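Dear colleague,

Please find the structure below, handed over for your use. My notes on what was found in it follow directly after.

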Amino acid sequence: MKRPSRKPRIIFRYYALTAVIAFGLGCGATWFLVKRSADQERAFSSAGKSEPPLDTSLSPAQTAVVSGNWYYDRKNWPRAIEVYEKAILLGADNADVRTDLGNAYRFSDRPQKALEQYEIAQKQNPQHENSLFNQGGLYAFSLNQPEKALDIWRRYLARFPQSPNVPKTRELISELEKPQSDQRSEVARWLKNRTHPTPSPSVR
């Protein structure tokens, strides 16, 4: 039986001239999540439901992963964390699941737990791009360790020189190397408000 396929999310922050005008902050920033498969979109098309759709053809571990993805897409971070951890206990322990679990911890303001998951993902699969990239973002914007973030992103460029994410990574490095300013502090505050969703009610 074919296992459900889904790549974990990679998180970007970038500055754009248009955001300067739009938000009056001197620069703008946003996070976005990429690489969602067509199969995933079909699986999560049941908008308005409080529980993920069930597929009896899947194993318990696969079902847990699909459910975790469903809660993740709806920004219900507590439930996503709970179900991803269940999936890992059931045997769906791989770099993709660990990275998405790390992202859910990150959006729950638990950066150390997020870092643990990203590091586990890298140990499981050193060629896993997203878990390494997201470590850089975590150090830069959650743990306030820009030098560590720069080191990780430079290693990312060295290890994955053909990645389509290379231009964005270079842009992030360039922005992080600039002197800190009040304007950048304003952007950081705007970014936090922009990317911190209202938690969805926990569904039991």
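In what follows, an axis is a line fitted to C-alpha atoms, for helices over the stretch in contact, and angles run from 0 to 180 degrees between N-to-C directions. Helices are DSSP runs (H or I, at least four residues), numbered from the N terminus.

Please note that this is a predicted model, in which local features need pLDDT of at least 70 and side-chain atom pairs count only at pLDDT 80 or more, whereas totals for chains, interfaces and linings use all residues. Residues are numbered from 1 along each chain as its sequence is written, and side-chain values use heavy atoms, with hydrogens and water left out.

Helix 4 and helix 5

The axes of helix 4 (residues 77–89) and helix 5 approach within 9 Å and cross at roughly 155°. The two helices are therefore roughly antiparallel to each other; that term applies to angles over 145 degrees. Contact (heavy atoms within 4.5 Å) joins Trp77, Ala80, Ile81, Tyr84, Glu85 and Ile88 of helix 4 to Val97, Arg98, Asp100, Leu101, Ala104, Tyr105 and Phe107 of helix 5. By class, this contact comprises 10 nonpolar, no polar and three charged residues. Here Ala, Val, Leu, Ile, Met, Phe, Trp, Tyr, Cys and Pro count as nonpolar, Asp, Glu, Lys and Arg as charged, and the others, Gly among them, as polar.

Helix 5 and helix 6

Helix 5 (residues 95–107) also meets helix 6 (residues 111–124): their axes come within 7 Å and cross at roughly 165°. This pair, too, is therefore roughly antiparallel. On the side of helix 5 the contact is made by Ala95, Arg98, Thr99, Leu101, Gly102, Asn103, Tyr105 and Arg106, and on the side of helix 6 by Lys113, Ala114, Gln117, Tyr118, Ile120, Ala121 and Gln124. These residues divide into seven nonpolar, five polar and three charged.

Alanine 114

Alanine 114 lies in helix 6. With 0% relative accessibility, alanine 114 counts as buried, a term for under 20% relative accessible area (1.4 Å probe, protein chains only). Leaving aside residues up to four places away in sequence, alanine 114 touches Gly102, Tyr105, Arg106 and Leu138. Glutamine 135 is 21 residues from alanine 114 in sequence, and their C-alpha atoms are 8.5 Å apart.

Helix 9

The buried residues of helix 9 are Val166, Thr169, Leu172, Ile173, Glu175 and Leu176.

With kind regards

Key. Buried < 20%, exposed > 50% of the residue type's maximum accessible area, 1.4 Å probe, protein only. Parallel < 35°, antiparallel > 145°, perpendicular 65-115°, else oblique.
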